[in-house]
Amino acid sequence: MEKGLVIKSTGSWYVVRTDDGKLIECKIKGNFRLKGIKSTNPIAVGDRVSVTPNTEGTAFITDIGDRKNYIIRKASNLSKQSHIIAANVDQCMLVATVNHPETSTIFIDRFLASAEAYNVPVCLVFNKTDLYSEEESRYLEGLVTLYTHIGYPCYRISALNESGTDDIRKALSGKITLFSGNSGVGKSTLINTLIPGLHLKTGEVSAAHNKGMHTTTFSEMYPLENGGYIIDTPGIKGFGTFDMKDEEVGHYFKEIFKFSAGCKYGNCTHRHEPGCAVREAVEKHYISESRYISYLNILEDREEGKYRAAY
């Protein structure tokens, strides 16, 4: 039996890099299910596993180590199951764009709330700064101010002409970093810049819809020259938060959680209850309206029993 790290998943096969540097293709042994997580994929990229090799040069995964965290999304609109994007990450870089295509603040905030729920620190990487008009650049500065103030580090970059990418390199050093974002935001272009010679396929943005086309289909982990790994994930259109009770959603918005300590009721949902300190903070602009709208949007989804965003 050998121990190793899952660096690629194709849904049925997994590639494991063993602790002595071998790459082994593995399958899951029998009915391998994790306790407590209804998931379409019991093993994820980033998992530490035990493998039992066989004579054909492949192996079975027989055991999975404890996870320090994982990041998850719903498998589909109607499914009660989740899909684990990656496990055991030190941080996540969410690549976003103000235009070409536009990343909505609702998408950003859903991602941040989900990452908070699963204990994953997030940085925001605003790409394509070379394409923005003066108005778009001003809007970007507003977003950077907002998210930095809440406590999310922000980077402004152009992956195409490599401006700002040195700061990203420093932040990646020695860490396992998950890269995520809507399709078309330049995630693959950025990863190709950070790991020369990788040649990930990059997609075009559809002019008709200002949306990206999917180019990555499975999560995969790539080693960095100066230590650490990047985990590349499929571009995601929507991000359903998973398994949160109504009164918990506010816990995953840092600034809402902070102000909620002053609410009259402990289980306040910050919508219509009297003595709500959060609504007062929104009115006084201590909490941004866009963040409050994102918060309400998650609650609405929960009430309808579905997730509006498509996958």
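Student: How many of the eight residues of strand β1 (residues 2-9) are buried?
Tutor: This is a predicted model, and burial here means a relative accessible area under 20%. By that count β1 is largely enclosed by the rest of the structure. The number of its eight residues that are buried is six.

Student: In which sense do β1 and strand β4 (residues 48-53) run, and what is the bridge partner of G4 in β4?
Tutor: Four bridges join β1 to β4, and the two strands run antiparallel. Within β4, the bridge partner of G4 is V49.

Student: Which residue takes a positive phi in the hairpin of β1 and β2?
Tutor: The hairpin has four residues between its strands. One of its residues has phi near 95 degrees, and that residue is G11.

Student: At what angle do helix α3 (residues 165-172) and helix α4 (residues 187-194) pack?
Tutor: The axes of α3 and α4 are 11 Å apart. Angles of 65 to 115 degrees count as roughly perpendicular, and α3 is therefore roughly perpendicular to α4. The angle is about 75 degrees.

Student: Which residues make that contact, and how many of them are charged?
Tutor: From α3 the contact takes T165, I168, R169 and L172, and from α4 it takes L190, T193 and L194. By type, four of the contact residues are nonpolar and two are polar. The number of charged residues is one.

Student: Are the buried residues of α3 on the same side or on opposite sides of the helix, and what arc do they cover?
Tutor: The residues in question are T165, I168, A171 and L172. Their directions around the axis put them on the same side of α3, because the arc they cover is only 115 degrees. An α-helix has 3.6 residues a turn, so residues three or four places apart point the same way. The arc asked for is 115 degrees.

Student: Against which elements do the buried residues of α3 pack?
Tutor: One partner is helix α4. The strands are β8 (91-96), β9 (122-126), β10 (154-156), β11 (176-180) and β15 (229-232).

Student: Which residue just after α3 takes a positive phi?
Tutor: The value of phi there is about 75 degrees. The residue is G174.

Student: How many of the eight residues of α4 are buried, and what covers them?
Tutor: The cover of the buried residues includes β8, β9, α3, β11 and β15. The buried residues themselves are K187, S188, L190, I191, N192, T193 and L194. α4 is thus largely enclosed by the rest of the structure, and its buried residues number seven.

Student: Where is P101 found, and what is omega for the peptide bond from H100 to P101?
Tutor: P101 is found in the loop between β8 and α1 (105-117). The peptide bond from H100 to P101 is cis, with omega near -5 degrees.

Student: Where is H285 found, and what is its relative accessibility?
Tutor: H285 is found in the loop between α7 (277-283) and α8 (289-304). Phi of H285 is near 65 degrees, a positive value in a residue other than glycine. H285 counts as exposed because its relative accessibility is 67%.

How values were computed: Residues are numbered from 1 along each chain as its sequence is written. This is a predicted model: local features need pLDDT of at least 70, side-chain atom pairs count only at pLDDT 80 or more; totals for chains, interfaces and linings use all residues. Side-chain values use heavy atoms; hydrogens and water are left out. Axes are lines fitted to C-alpha atoms, for helices over the stretch in contact, and angles run from 0 to 180 degrees between N-to-C directions. Angles under 35 degrees count as roughly parallel, over 145 as roughly antiparallel, 65 to 115 as roughly perpendicular and the rest as oblique. Contact means heavy atoms within 4.5 Å. Ala, Val, Leu, Ile, Met, Phe, Trp, Tyr, Cys and Pro count as nonpolar, Asp, Glu, Lys and Arg as charged, and the others, Gly among them, as polar. Buried means under 20% relative accessible area, exposed over 50%, partly exposed in between (1.4 Å probe, protein chains only). The arc is that of the directions from the helix axis to the C-beta atoms. Two strands pair if DSSP finds at least two bridges between them.
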